[in-house]
Amino acid sequence: MLGNPVNNDGAVFPVHQDLLLRFGIRIGESIVLDGPARDRLYEFVYLVAPQFAEGATCGNTPHAALGCPRR
């Protein structure tokens with residue numbers, strides 16, 4: 001947060017920039033999995049096409065889960 005001696009450059013959430021830009025790790029938050037769990041879809045491929053915007057650490061692209069539910 002601002003005023004923290006760890007991030008004197010004024011970055012509010014420096015971990016987001018570090019994970020994405022330095023390590024290539026994208027953050028997935030607030031993903032609703034009630035539907036796949038209801039369909040007993042426990043193994044799936046998670047897809048997201050990132051939105052590229054200079055300086056951005058998040059985007060509004062839709063996510064998808066591809067799998068074969070067990071019956």
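Reader: Which residues form a nonpolar patch on the surface?

Author: Ile 31, Leu 33, Phe 44, Tyr 46 and Val 48 do, and together they have about 380 Å² of accessible area. Such areas come from the Shrake-Rupley method with a 1.4 Å probe, where for residues only the protein chains shown count as cover. Nonpolar side chains (Val, Leu, Ile, Met, Phe, Trp, Tyr) are joined within 5 Å, like charges within 9 Å.

Author: A word on the source: this is a predicted model, where local features need pLDDT of at least 70, side-chain atom pairs count only at pLDDT 80 or more, and totals for chains, interfaces and linings use all residues. Residues are numbered from 1 along each chain as its sequence is written, and side-chain values use heavy atoms, leaving out hydrogens and water.

Reader: Why is Tyr 46 called partly exposed?

Author: Buried means under 20% relative accessible area and exposed over 50%, with partly exposed in between (1.4 Å probe, protein chains only). Tyr 46 has 37%, so Tyr 46 counts as partly exposed. Tyr 46 is found in strand E1 (residues 45-48).

Reader: What makes up the secondary structure of the chain?

Author: Two helices and two strands, in the order α-α-β-β along the sequence. Helices (H or I, at least four residues) and strands (E, at least two) are DSSP runs, numbered from the N terminus.

Reader: How much of the chain is buried?

Author: Buried residues are 7% of the 71 residues.

Note on methods:
Patches are made of residues with over 30% relative accessible area and no salt bridge: like charges are joined within 9 Å, nonpolar side chains (Val, Leu, Ile, Met, Phe, Trp, Tyr) within 5 Å. A salt bridge is a side-chain nitrogen of Lys or Arg within 4 Å of a carboxyl oxygen of Asp or Glu.
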